[in-house]
Amino acid sequence: MIIPMTFDQKISRADVDRRVEQRLSERQVRYTAGRRWVVRSMLDLGGPVTIAQLLEAVGDAVPLSSLYRTMALLDDAGITHKTHDAGGVARYELAEWLLGHHHHLVCVECGEVSDIELAPGQEQGVDQIVDDAATAEGFAVLGHRIDIEGRCRKCQP
Ligand SMILES: [Zn+2]
Ligand SMILES: [Zn+2]
């Protein structure tokens, strides 16, 4: 069984804000209103988003040029993680140290990417399989990422 990830059950928005602010301040970077707006919009949208989706969400608050700079800065600080959808379009999401460990459902039709979290027992099973396979190759595992490709509800015939 797959449990859809609801952010509210995990880390609160205020906690994310605090953690991001702390990470930036360690790097002598200010958590400006614009940067705050971008992080909150990513939380609202949920799941990995394209620059176009993010631009629409932030509206007039953050112009495109500064959105690109903000994304580069957040990426540099390890606050966001860049991924791609089935069509190869770049998508951005908040890093797992902020959101918690999860996987992605990637729709090959519409390109939407959504977050899913496995039940704890299932996640342990995945860890075990990954560990066994990697250890057999003498590889020291740090983590894993799983993207499940297919068609979302709206895109099924
Ligand atoms: Zn779809
Ligand atoms: Zn996992």
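Start by selecting Val 38, which sits in helix 2 (helices are DSSP runs of H or I of at least four residues, strands are E runs of at least two, both numbered from the N terminus). This is a predicted model, where local features need pLDDT of at least 70 and side-chain atom pairs count only at pLDDT 80 or more, while totals for chains, interfaces and linings use all residues. Residues are numbered from 1 along each chain as its sequence is written, and chains are lettered from A and ligands numbered from 1 in the order in which they are written.

Buried or exposed, this Val 38? Buried, because 27 other C-beta atoms lie within 10 Å (20 or more is buried, 12 or fewer exposed, in between partly exposed, with C-beta atoms placed from the backbone).

Next, show what Val 38 touches beyond four places in sequence: Leu 54, Val 58, Val 62, Leu 67 and Thr 70 (contact puts the backbone-placed C-beta atoms within 7 Å).

Now widen the selection to the largest nonpolar core, 15 residues, with Val 38, Val 39 and Met 42 among those with the most contacts inside it (a core is a set of buried Ala, Val, Leu, Ile, Met, Phe, Trp, Tyr and Cys joined through C-beta atoms within 7 Å). Helix 2 gives the most to this core, 3 residues.

Finally, pick helix 1 (residues 13–26) and helix 2 (residues 33–45): their axes come within 11 Å and cross at roughly 140° (axes are lines fitted to C-alpha atoms over the stretch in contact, with angles from 0 to 180 degrees between N-to-C directions). Colour Arg 13, Val 16, Asp 17 and Val 20 of helix 1, then Arg 36, Val 39, Arg 40 and Leu 43 of helix 2, to see the contact.

Terms used
Contact = placed C-beta atoms within 7 Å.
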